[in-house]
Amino acid sequence: MAPGCRRCPALVSGRERISWGTGPGDADVIVVGEAPGYGNPEADRWRGGNWTGKAYTSRHSGRRIRRLLADVGFPDAYYTNAVKCFPASEEPRSSEASGEAASKDETPTNREPTPGERERCRDHLLAEIDSVSPAVVLATGKHATTSVLAAEGRELDGFLDCVLEPIPLGGLGLTLLPILHPSYQDVWVARLGYEPEEYRTAVGEALEDLVG
C-alpha cells in the first residue's frame with residue numbers, strides 16, 4: 001500500500017486520513033464501498049473513515065452493512081472502499097442535517113469519485129483483494145460494482161438488473177456479488193420486489209452458495 005499516496009490532488013486536499021480496508025486477512029468475503037464518509041470527528045467509535053482511517057465506519061452505512069453481514073452469518077468480512085480518500089464536495093453541509101451530532105462548524109459533504117480517481121486507486125483495491133484472496137467481493141452500490149468490473153476491463157450495464165446476480169471474475173479468480181448500498185437500501189429494496197427480511201435472506205443465501 002502507499003501510506004502517503006498523493007495521486008489525486010483533489011482527494012489529498014480534502015482528506016484527514018487514508019481509509020484502508022480492515023478485517024481478517026483470510027476473509028471469505030470482501031465488502032467494497034464507494035469511498036469513505038467524512039463522519040463526525042467528535043464521535044467515540046462510529047466516526048467516518050476520513051477520521052478513523054478505516055472503511056465503513058460511519059454511523060449510518062457502516063453500522064448497517066456490518067449488521068447485515070453479521071445477521072446472515074458473515075461477521076468476519078473484510079471491509080474496504082474502491083476509493084480510499086474522502087471525496088470532498090465544494091459545498092459544505094451542516095452536521096445536524098446529515099443526521100450526526102450538531103457542531104458549530106459546517107462539515108464537508110461528499111461527492112462521487114471521478115472515473116480518474118477510481119482508476120488511480122484501483123491498484124490499491126486489487127492489492128487488498130490479492131492479499132486477502134476471498135471467494136466473493138460484495139460490492140455495495142453502483143460505483144463499487146463499476147470499479148471492480150473495470151479491473152477486468154468490463155463495464156456495468158444496468159446496476160439494478162445485476163443486484164444479487166453473481167458475476168464470475170476469471171482474472172481475479174473470484175465472484176462479484178453486487179448488492180444495494182446501505183444508504184439507499186430502504187428506497188430500492190421494495191422496487192426490486194423484496195420485503196426487507198426477504199432481501200436480507202437473499203443476501204445470506206447468495207453468500208452461502210458462493211462461499212461454499
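How many cavities of 30 Å³ or more does the structure hold? I looked this up and found 1.

**Entry: ground rules**

I am working with a predicted model, in which local features need pLDDT of at least 70 and side-chain atom pairs count only at pLDDT 80 or more, while totals for chains, interfaces and linings use all residues. I number residues from 1 along each chain as its sequence is written, and side-chain values use heavy atoms, with hydrogens and water left out.

**Entry: confidence and overall form**

I checked pLDDT, the predictor's confidence in each residue, from 0 to 100. The chain averages 91, and 92% of the residues score at least 70. Over residues 94-104 the pLDDT stays under 50. For that stretch I note 16 contacts beyond four places in sequence, a contact being heavy atoms within 4.5 Å.

I listed 8 helices and 7 strands in the chain. Helices (H or I, at least four residues) and strands (E, at least two) are DSSP runs, numbered from the N terminus.

The C-alpha trace spans about 50 × 35 × 30 Å along its principal axes.

Of the contacts in the chain with a separation of 6 or more, 65% join residues 24 or more positions apart. Buried residues make up 48% of the 212 residues; here buried means under 20% relative accessible area, exposed over 50% and partly exposed in between (1.4 Å probe, protein chains only).

**Entry: the cavity**

I went back to the cavity. On a 1 Å grid over the protein atoms alone, a cavity is a set of points where a 1.4 Å probe fits but cannot get out, whereas a pocket is an open set with protein on both sides within 12 Å along at least five of seven lines; lining residues have an atom within 4 Å of a point. Grid points are joined across faces, edges and corners, and a volume is the space filled by probe spheres set on the points.

The largest cavity has about 100 Å³ of space. It is lined by 15 residues, and C5, C8, C85, C121 and H124 are the closest to its centre. I sorted the lining by class and got 9 nonpolar, 1 polar and 5 charged residues. Ala, Val, Leu, Ile, Met, Phe, Trp, Tyr, Cys and Pro count as nonpolar, Asp, Glu, Lys and Arg as charged, and the others, Gly among them, as polar. Both α1 (9-14) and α4 (115-132) supply at least two lining residues. The largest share, 4 residues, comes from α4.

**Entry: the largest pocket**

I then took the largest pocket, which has about 1000 Å³ of space. Its lining has 40 residues, with S61, N110, H181, S183 and Y184 nearest the centre. Two or more lining residues come from each of β4 (107-110), α5 (142-150) and α6. The most, 3 residues, come from α5. By class I recorded 14 nonpolar, 18 polar and 8 charged residues.

**Entry: positive phi**

Which residues did I note with a positive phi although they are not glycine? S133 has a phi of about 55 degrees, and L164 has one of about 65 degrees. S133 sits in the loop between α4 and β5, and L164 in the loop between α6 (159-162) and β6 (167-169). Are they buried or exposed? S133 counts as exposed because its relative accessibility is 57%, whereas L164 is buried, with a relative accessible area of 11%.

**Entry: around L164**

A202 and L164 are 38 residues apart in sequence, with 7.7 Å between their C-alpha atoms. Leaving out residues up to four places away in sequence, A202 touches L164 and Y194. A202 is buried, at a relative accessible area of 17%.

I also checked A139, in strand β5 (residues 136-140). Its C-alpha atom is 10.0 Å from that of L164, 25 residues away along the chain. A139 is buried, with a relative accessible area of 0%. Again not counting residues up to four places away, A139 touches V32, A144, T145, L176, L177, P178 and I179.
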